[in-house]
Amino acid sequence: MRDLGAAIAKKQAMNTASESKPLAGKIALVTGATRGIGQAIAFGYAKAGAHIIAVGRTQGGLEALDDQIFAETGAHASLVPLDLMDGDGIDRLGLALYERYKRLDLLVGAAGYLGGLTPVAHIDPKPFDRVIGINLTANYRLIRAMDPLLRESEAGRLIFLSSGVARNPRAFWGPYAAAKAGLEAMIACYGDEMANTPVRACLVNPGPMRTQMRKVAFPGEDPMTLPAPEEIVPLMLDLARPDQDPPAGVVAFKDWQAGA
Ligand SMILES: NC(=O)c1ccc[n+]([C@@H]2O[C@H](COP(=O)([O-])OP(=O)(O)OC[C@H]3O[C@@H](n4cnc5c(N)ncnc54)[C@H](OP(=O)(O)O)[C@@H]3O)[C@@H](O)[C@H]2O)c1
């Protein structure tokens, strides 16, 4: 009888641990992990038990994330200082992950670049290419490099951050809106290609959030009127679940919050 009680207590403890660490044992690559929404997601996934491969250019931002993760979990993240315009660098990262882990469970594409807000006819080719490069081409390169690893996971999940302007374009947002619209189309195609595998891909529109990108786009706005990036973490945990498919289309954070 005492053995049965101990077994039940052990099972309950294991259940509690898996509820508080739903991503235990998972390997998660997060781009844009040096600040803003990507950093909040990386920290949230680490707290949920995942090992984080954190990608971004700013060494200080990567180290600050690692300090935060270590203080909270006692584990370190893998820090990858990488410019996402470097497609070959993304390929090398895929190879390194294959050699080290043989699989990838979660890929979150949160890196983004707004570029200047300019009339389409006035945009120089270089900044145009950069906005498309970071918001669209880099995500294609990530998929290309990581797809074989995601297929090795029992339930590979890709989650990319889009924007409302992909579907509601407005003046001066040309390259960014085009890149995000392209991203949405590309992820829908890739998701369709994955239908007969355990890999699932989805898109999230975070809406206005209190980050550097939003501040650049709307300098006169009071940031404290906007949600903090951490608020999106429960949605991102939901979308990472291996036991359910993410919704088709773009998940809007504000609809998810409202329970729609
Ligand atoms: N904040 C909002 O209101 C809002 C609304 C709609 C959609 N979004 C989307 O949400 C995502 C996160 O945005 P955020 O607001 O958190 O932006 P943010 O604060 O400006 O952060 C952008 C992140 O992208 C990384 N990044 C930019 N260029 C890069 C490059 N060439 N190579 C590698 N990493 C690069 C930055 O890292 P480094 O500079 O260190 O490289 C940084 O970690 C983006 O995809 C954005 O389009 C945001």
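1. Is Lys102 buried or exposed? Lys102 counts as exposed, because it has 12 C-beta neighbours inside 10 Å and the cut-off for exposed is 12 or fewer. Note that this is a predicted model. Lys102 is found in the loop between α4 and β4. Check its backbone: phi is near 70°, a positive value in a residue other than glycine.

2. Phe172 also deserves a look. Phi of Phe172 is near 80°, again positive in a residue that is not glycine. Phe172 lies in the loop between β5 and α6. Phe172 counts as partly exposed, because it has 14 C-beta neighbours inside 10 Å.

3. Now strand β1, residues 27-31. Five of its five residues are buried, so the strand is largely enclosed by the rest of the structure. Both faces are covered. Ile27, Leu29 and Thr31 are buried on one side. Ala28 and Val30 are buried on the other.

4. Which strands pair with β1? One is β2, residues 51-56, which pairs with β1 in the parallel sense over five bridges. Within β2, Ala54 is the bridge partner of Val30. Another is β4, residues 106-109, which pairs with β1 in the parallel sense over four bridges. There, Gly109 in β4 stands opposite Thr31.

5. The ligand is surrounded by 27 residues. The closest are Gly36, Arg57, Thr58, Gly112 and Thr211. By class, the shell has twelve nonpolar, eleven polar and four charged residues.

6. Helix α5, residues 125-150, is not straight: a kink of about 50° is centred on Gly133. Buried residues of α5 include Val131, Ile134, Asn135, Ala138, Arg141, Leu142, Ala145 and Leu149. An α-helix has 3.6 residues a turn, so residues three or four places apart point the same way.

7. What covers the buried residues of α5? The cover includes β1, α4 (87-101), β4, β5 (157-161) and α6 (174-193). Two of these elements have come up together already: β1 and β4 are parallel partners.

How values were computed:
Residues numbered from 1 in each chain as written. Predicted model: local features only at pLDDT ≥ 70, side-chain atom pairs only at ≥ 80, totals over all residues. Buried ≥ 20, exposed ≤ 12 C-beta atoms within 10 Å, placed from the backbone. Helix = DSSP H or I, 4+ residues; strand = E, 2+ residues; numbered from the N terminus. Pairing = 2+ DSSP bridges. Bend = angle between axes of the 7 residues up to and from the residue. Contact = placed C-beta atoms within 7 Å. Near = placed C-beta within 6 Å. Nonpolar A, V, L, I, M, F, W, Y, C, P; charged D, E, K, R; others polar.
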